[in-house]
Amino acid sequence: MRSFQIQDNRDFMKKLLIRETFDTFLLSEASITTFSTFQIDGHFHPEFLSTGESELLTVENCGYALWRRIRPFFYELTKGKNTPLRFHIVFRLAPHNVEALLARSGLALASGDVDGLFLNIHFDGSALTCTSGTSLRVFSLDKGLERAWDSMLEKFFHQKEIPFL
């Protein structure tokens, strides 16, 4: 687990809410407090879609909606002259990206052993913090997956020009 203290809140928020920077992540859950507190469950309900939208289901068949689907709604909740009092977003890496990370890192884990690789984004009214997290379906003392995920997130932040401490 690694914590990334975001250095430029305004730029990060643009990348989170306006740009496509985080669109390939799945949303596990989110909450935001403005004039009221709003909770978002990221579970995906494919029965809601028409048959013409079935091509969008490839990633979301794992049970969670892509951030790109939720982002416009979350953005609407943040609009206005006042900054949100707080928010918390839990992203999870899509299964095909988990498999790619496992293949690149050479770890002795199967993709079915990994319950999730998470990115928690927390805003407390002034500071933005991103924290990595891993969840396995099997017991392991090996921290290789955690290190690989932390390294991948660090590279992601550098590539997307997100300064952190």
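The exercises below work through a pocket, a nonpolar core and one serine of a predicted model.

**Exercise 1.** Describe the largest pocket by volume, lining and contributing elements.

Solution.
- Step 1. The volume of the largest pocket is about 420 Å³.
- Step 2. Its lining consists of 17 residues, and R10, M13, K14, L17 and T78 are the closest to the centre.
- Step 3. Two or more lining residues come from each of helix 1 (9-17) and helix 3 (67-78). Helix 1 supplies the largest share, five residues.
- Step 4. Sorted by class, the lining holds eight nonpolar, five polar and four charged residues.

**Exercise 2.** Find which residues have the most contacts inside the largest nonpolar core, and which element gives the most to this core.

Solution.
- Step 1. The core has 41 residues, and L16 and F22 have the most contacts inside it.
- Step 2. Elements that give two or more residues to this core include strand 2 (26-33), strand 5 (86-92) and helix 4 (95-105). Helix 5 gives the most, six residues.
- Step 3. Beyond four places in sequence, F22 touches L16 itself, and among its other partners are F12, W67, F91, L119 and F156.

**Exercise 3.** Decide whether S132 is buried or exposed, and identify the polar partners of its side chain.

Solution.
- Step 1. S132 belongs to strand 7.
- Step 2. Buried means under 20% relative accessible area. S132 has 2% relative accessibility, so S132 counts as buried.
- Step 3. The side chain of S132 makes a polar contact with the side chain of D150 at 2.4 Å. A polar atom of the S132 side chain also lies 2.8 Å from the backbone nitrogen of R2.
- Step 4. Leaving aside neighbours within four places in sequence, S132 is in contact with residues including M1, F118, W149 and L153.

Key: Residues numbered from 1 in each chain as written. Predicted model: local features only at pLDDT ≥ 70, side-chain atom pairs only at ≥ 80, totals over all residues. Heavy atoms only, no water. 1 Å grid on protein atoms, 1.4 Å probe; cavity = no way out; pocket = protein on both sides within 12 Å on 5 of 7 lines; lining within 4 Å. Points joined across faces, edges and corners; volume = space filled by probe spheres on them. Helix = DSSP H or I, 4+ residues; strand = E, 2+ residues; numbered from the N terminus. Nonpolar A, V, L, I, M, F, W, Y, C, P; charged D, E, K, R; others polar. Core = buried A, V, L, I, M, F, W, Y, C linked by side-chain atoms within 4.5 Å. Buried < 20%, exposed > 50% of the residue type's maximum accessible area, 1.4 Å probe, protein only. Contact = heavy atoms within 4.5 Å. Polar contact = N/O pair within 3.5 Å; in protein donor to acceptor, adjacent residues only side chain to side chain.
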